[in-house]
Amino acid sequence: MTMNDGTMKDLTDLSEILTRYVAGDCTTEEVLELSARLEREPAECDLLAEILMQGVVIREFSQIQPEPARTMNRLPQRWLDSLSWRPLTTTAAGILFGMLFTSVVFGFVMPRIRHSSLLDDSFEGTPTLTSRVSLEPNVWRSNHAVIVGSELGVQPANGVKMLRFLHAGFDSRAKSQGDHLADAYHLLDLRPYRQELVGEDCVVQVAASFNASLFPADEKYGCAVSVYALDAENAPDGPKRIGTALSEDSLAMARSRNTKLDREPDSWQRLTTEMRLPANTDYLVIRLHISQAFDSRETPTFTGSYADVVRVSLTRRALSP
Amino acid sequence: MTEELLVKTLLAARPRLVAGAFAVVRDVHAAEDVFQEVLLRALRMRASFSDQVGALAWARVTARNLGIDQVRRAGRFDEILSEVALDALDTRLEKTIDSQRQRVEAMRLCLEKLPDESRNLLRMRYDEGCKCTELSRLLRRNETAIYKALSRLHLVLRQCIQQRLAAQENA
């Protein structure tokens with residue numbers, strides 16, 4: 001692109017005013033002036049179209065990311081330091097990490113003592129989903145899902161509605177297995193359950209059902225349910241991206257996954273996971289996700305992948321001796 | 001029109017439809033909400049669409065109207081572009097739809113080439129939804145500098161995308 005200095009300055013000025021318009025930061029007078037300019041010179045709309053598309057695509061790319069890694073950055077540094085030279089401590093910490101960060105806690109617990117239901121959702125009363133960046137308690141948040149009734153040979157597991165995953169991303173790259181995800185999040189405020197959380201024996205149990213309409217035999221889809229524990233300081237209620245909050249700031253997480261959804265629309269596949277809750281947990285984030293589990297030439301559209309009957313409960317269990 | 005075809009049609013046009021709503025609501029996350037609402041409404045009235053062109057035309061108009069409703073409810077109607085300007089923008093957005101996939105791929109490659117600091121600024125602005133006042137506070141730069149940096153980055157990306165698309169055409 002060759003331009004003289006004047007043209008470049010005009011373009012820079014236009015870009016700046018458009019950037020401010022897109023940010024919602026123009027005054028009424030500036031908007032009037034901009035409207036008149038775009039009406040007079042429709043070609044200048046090219047730059048506005050470009051800025052808008054860039055914003056949308058940047059947002060979309062940022063959402064397409066690998067599942068957050070299990071994190072331990074909230075643990076005191078001295079703990080991490082000590083692991084490098086004390087094998088026995090490493091083993092003990094490994095067990096503790098296992099209890100905190102994975103769903104394999106069954107071997108360490110005694111039968112339940114008390115039980116509180118936090119969520120029992122079949123999407124019957126959910127009028128819509130939000131795609132806002134921040135999570136609000138008790139609202140499902142997803143860019144990639146809608147609430148639907150029976151369709152494509154799939155009946156809801158309970159009631160007359162279910163969550164349907166739609167797609168993940170739209171770029172044209174060939175994708176390796178697992179690169180495409182569609183997900184939905186739900187925030188639960190645990191602060192009213194403070195009394196339940198006192199002590200070291202509080203376990204959260206999460207279960208969700210998944211299903212798919214009949215898809216081609218050479219395609220493969222996985223599903224998973226994850227639970228993340230967060231303290232109030234790091235709850236994703238501000239403009240902070242959910243993925244960042246979960247991957248970097250969660251106190252603990254657990255996940256259960258099924259690497260292959262069956263091709264039978266009549267049967268729902270139930271996943272459950274459990275996690276011992278850190279005592280300072282203020283919020284839980286439940287994440288449901290569907291992933292493409294095959295190499296694809298183009299972006300898959302998850303037109304027939306569903307979730308239903310999500311249950312979350314707190315259970316108090318004694319630690320085994 | 002089958003439900004599957006309708007969903008695929010609207011999802012394929014998602015960037016363009018979200019961008020159209022974004023021009024009205026000026027918040028990319030709110031624009032995504034608008035798109036989601038459009039999708040839900042389209043599924044409910046699927047029977048009335050005879051083809052993809054009709055469905056897309058309906059989706060464009062509905063997305064704009066939903067956006068305008070949202071802005072009006074927030075008492076910010078006088079802060080959006082005139083109908084004529086929005087029509088002109090729609091025409092421009094429509095022109096990009098045929099080359100959308102190539103543009104998106106070019107944009108991805110151009111974004112990858114940006115320095116981390118620049119990419120992070122764009123991510124904070126558009127993915128995390130930080131307003132420029134917030135960015136100014138977080139990055140300890142004045143608001144004018146933030147606007148200038150963002151607008152420069154948009155121009156850099158634009159030039160990079162144009163060059164990549166031109167190279168593809170020549171190839």
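Guide: A residue is called buried when its relative accessible area is under 20%, exposed when it is over 50%, and partly exposed in between. The model is predicted. B:Arg60 has a relative accessible area of 24%, so it is partly exposed. B:Glu94, with 27%, is partly exposed because its value also falls in the range between those limits. A salt bridge joins the side chains of B:Arg60 and B:Glu94, at 3.1 Å from N to O. This pair links distant parts of the chain, since B:Arg60 sits in helix H4 of chain B and B:Glu94 in helix H5 of chain B, 34 residues apart.

The side chains of B:Glu79 and B:Arg26 meet at 3.7 Å, N to O. B:Glu79 is in the loop between helix H4 (52-73) and H5 of chain B, while B:Arg26 is in the loop between H2 and H3 of chain B, so the pair ties together parts 53 residues apart in sequence. Both B:Glu79 and B:Arg26 are buried. B:Glu79 also forms a salt bridge with B:Arg76, at 3.2 Å from N to O. B:Arg76 has 27% relative accessibility and therefore counts as partly exposed. Elsewhere, salt bridges with shared partners join B:Arg16, B:Arg60, B:Arg64, B:Glu83, B:Asp87, B:Asp90 and B:Glu94 into one network. Over all chains the structure holds 28 salt bridges.

Now the chain as a whole. Chain B has nine helices and zero strands. Of its 171 residues, 55% count as buried. Among contacts in chain B with a separation of 6 or more, 64% are between residues 24 or more positions apart.

Next, the side facing chain A. In this interface, 64 residues of chain B are in contact with 65 residues of chain A. The two chains bury about 6200 Å² between them, and 61% of that is on carbon and sulfur atoms. Six salt bridges are counted between chain B and chain A. B:Arg92 forms a salt bridge with A:Asp46, with the closest N and O atoms 3.4 Å apart. Several helices of chain B each supply at least two residues of the side that touches chain A, among them H1 (3-12), H5 (83-95) and H9 (143-170). The largest share, eleven residues, comes from H9(B). By class, this side of chain B has 31 nonpolar, eight polar and 25 charged residues.

Leaving aside neighbours within four places in sequence, B:Leu89 is in contact with A:Cys45, A:Leu48, A:Ala49, A:Leu52 and B:Ala23.

Conventions
Residues are numbered from 1 along each chain as its sequence is written. Chains are lettered from A and ligands numbered from 1 in the order in which they are written. This is a predicted model: local features need pLDDT of at least 70, side-chain atom pairs count only at pLDDT 80 or more; totals for chains, interfaces and linings use all residues. Side-chain values use heavy atoms; hydrogens and water are left out. Contact means heavy atoms within 4.5 Å. Buried area is the accessible area (1.4 Å probe) that two parts lose on being put together, summed over both. A salt bridge is a side-chain nitrogen of Lys or Arg within 4 Å of a carboxyl oxygen of Asp or Glu. Helices (H or I, at least four residues) and strands (E, at least two) are DSSP runs, numbered from the N terminus. Ala, Val, Leu, Ile, Met, Phe, Trp, Tyr, Cys and Pro count as nonpolar, Asp, Glu, Lys and Arg as charged, and the others, Gly among them, as polar. Buried means under 20% relative accessible area, exposed over 50%, partly exposed in between (1.4 Å probe, protein chains only).
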